[in-house]
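Let's take a walk through a protein model together. Please keep the sequence and the coordinates open as you read.

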Amino acid sequence: MSFGIDDLPVRDELRGKSPYGAPQLDVPVRLNTNENPYPLPEPLVERIAERVREAARGLNRYPDRDAVELRTELAKYLTKTGGHRVGVENVWAANGSNEVIQQLLQAFGGPGRTAIGFEPSYSMHALIARGTGTGWISGPRGEDFTIDLPAARRAIAEHKPDVVFITTPNNPTGNAVAPETVLALYEAAQAAKPSMVIVDEAYIEFSHGASLLPLLAGRPYLVVSRTMSKAFGAAGLRLGYLAAHPAVVDAVQLVRLPYHLSAITQVTALAALEHTDTLLKYVEQLKCERDRLVAELRAIGYAVTESDANFIQFGRFTDAQAAWRQILDRGVLVRDNGVPGWLRVTAGTPAENDAFLDAVRDLKKEQE
Ligand code: PMP
């Protein structure tokens with residue numbers, strides 16, 4: 001018998017678990033991980049190469065531990081686009097927003113503490129909770145996938161969680177959370193504990209509505225988390241960031257590993273930020289494609305959850321897993337997030353979206 005993971009003294013809560021990850025299958029059309037389908041523009045690729053070459057000369061030294069230049073530029077981006085003044089002291093950055101969330105749970109969660117999310121939502125919140133020893137509470141959502149406010153309030157009052165996650169636009173359902181709902185949940189969380197409220201805005205640039213950054217004013221327990229993986233089309237870069245009261249930035253510094261952001265990551269992100277205007281033009285194109293997909297899916301006869309993101313939840317299927325496989329057999333990879341009856345598709349290039357629409361049209365005909 002071969003030696004395996006179960007023979008190791010892994011923590012009890014990790015036993016029998018599988019690592020997170022969508023299948024990375026080699027098919028012609030991959031619309032399963034909410035990436036931006038457009039490669040970075042060539043002038044930006046050149047600029048990255050230039051800045052990395054420069055940084056390479058200093059790789060004998062550790063990078064700027066506090067990533068001050070990068071945080072300053074991220075603060076400028078947020079101030080310009082978010083309708084709220086954000087300074088370097090309000091911003092923290094890490095390797096993807098997953099790491100930002102991990103650092104937040106290391107600082108505010110941990111053994112003996114709990115976090116709540118309203119599910120279905122981004123499953124990494126629960127997994128990072130597990131990894132940091134934080135207890136997880138699965139909060140309720142309504143039939144239409146909006147947050148059921150009275151039920152959510154009751155859950156917060158009952159469990160008194162240390163951390164509350166609100167994902168807007170939500171993944172995998174695509175719908176945004178109304179600012180009034182966020183405010184009401186913030187009030188409920190403060191009345192119960194007070195607890196930290198983390199608003200995960202990974203997809204906010206694709207939203208019809210505005211960012212919740214202005215809510216940060218006078219709310220020191222609120223954190224807005226962002227990423228360059230989606231709107232900036234830089235999932236491979238691994239750069240996430242947060243905006244919050246400076247005290248929150250002080251708190252995450254207690255748990256971050258020293259020099260966690262490599263010099264290469266920092267200069268690459270800075271180069272991308274120099275090209276913000278060009279990159280955000282792709283966001284406009286993707287929003288149009290998203291809206292086209294919604295309209296066409298409905299015309300074919302599918303149900304669609306209102307989408308403020310670069311992806312769409314569609315259904316309903318009696319067997320979502322079988323439908324996922326049938327779409328894959330037609331050369332298109334979408335995502336089965338385990339929401340019964342529903343699948344998720346990421347908006348791709350017009351050609352990729354056409355291939356997807358052909359596949360689901362075909363599937364519908366077959367089912368009739
Ligand atoms: N939050 C949400 C809601 C997401 O969907 C994702 C990525 N799928 C992330 C955070 C993490 O993104 P990253 O680590 O690439 O910044």
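The paragraphs below go from a record's annotations to helix packing and then to some backbone details.

This is a predicted model, in which local features need pLDDT of at least 70 and side-chain atom pairs count only at pLDDT 80 or more, while totals for chains, interfaces and linings use all residues. Residues are numbered from 1 along each chain as its sequence is written.

Let's begin with the UniProt record. For "domain: Aminotransferase class I/classII large", an unreviewed entry, UniProt lists residues 29-359. UniProt positions are given in the numbering used here, feature names are shortened, and annotations may be inferred rather than shown by experiment. In the model, the span 29-359 is 43% helix and 15% strand, and its end C-alpha atoms lie 11 Å apart. Helices (H or I, at least four residues) and strands (E, at least two) are DSSP runs, numbered from the N terminus.

The unreviewed UniProt entry also has the annotation "modified residue: N6-(pyridoxal phosphate)lysine", which covers Lys230. Where does Lys230 lie? Look in the loop between strand E7 (222-227) and strand E8 (240-244). Lys230 is buried, because 26 other C-beta atoms lie within 10 Å. The cut-offs are these: a residue is buried if 20 or more other C-beta atoms lie within 10 Å of its own, exposed if 12 or fewer, and partly exposed in between, with C-beta atoms placed from the backbone. Leaving aside neighbours within four places in sequence, Lys230 is in contact with Asn34, Asn36, Ala202, Tyr203 and Asn310; contact here says that two C-beta atoms, placed from the backbone, lie within 7 Å. The loop between E7 and E8 also holds Arg238. Arg238 has a positive phi of about 65 degrees although it is not a glycine, and Arg238 is buried, with 20 other C-beta atoms within 10 Å.

Now for the helices. Two packed helices are described by the angle between their axes and the distance between the axes. Axes are lines fitted to C-alpha atoms, for helices over the stretch in contact, and angles run from 0 to 180 degrees between N-to-C directions. Helix H5 (residues 149-159) and helix H6 (residues 179-192) pack at an angle of about 20 degrees, with their axes 9 Å apart. H5 and H6 are therefore roughly parallel to each other. Angles under 35 degrees count as roughly parallel, over 145 as roughly antiparallel, 65 to 115 as roughly perpendicular and the rest as oblique. H6 also holds Val182, which is buried, with 20 other C-beta atoms within 10 Å. Beyond neighbours within four places in sequence, Val182 is in contact with Ile166, Val177, Val199, Leu212 and Leu215.

A second pair is helix H10 (residues 320-329) and helix H11 (residues 350-367), whose axes come within 9 Å and cross at roughly 125 degrees. That angle makes H10 oblique to H11. The contact is made by Ala323, Gln326 and Ile327 of H10 and Ala359, Val360 and Leu363 of H11. Asp362 also lies in H11, and counts as partly exposed, with 14 C-beta neighbours inside 10 Å.

Finally, check some backbone details. The peptide bond from Lys193 to Pro194 is cis, with omega near 0 degrees, and Pro194 is placed in the loop between H6 and strand E6 (196-200). Another cis peptide bond joins Gly315 and Arg316, where omega is about -20 degrees.
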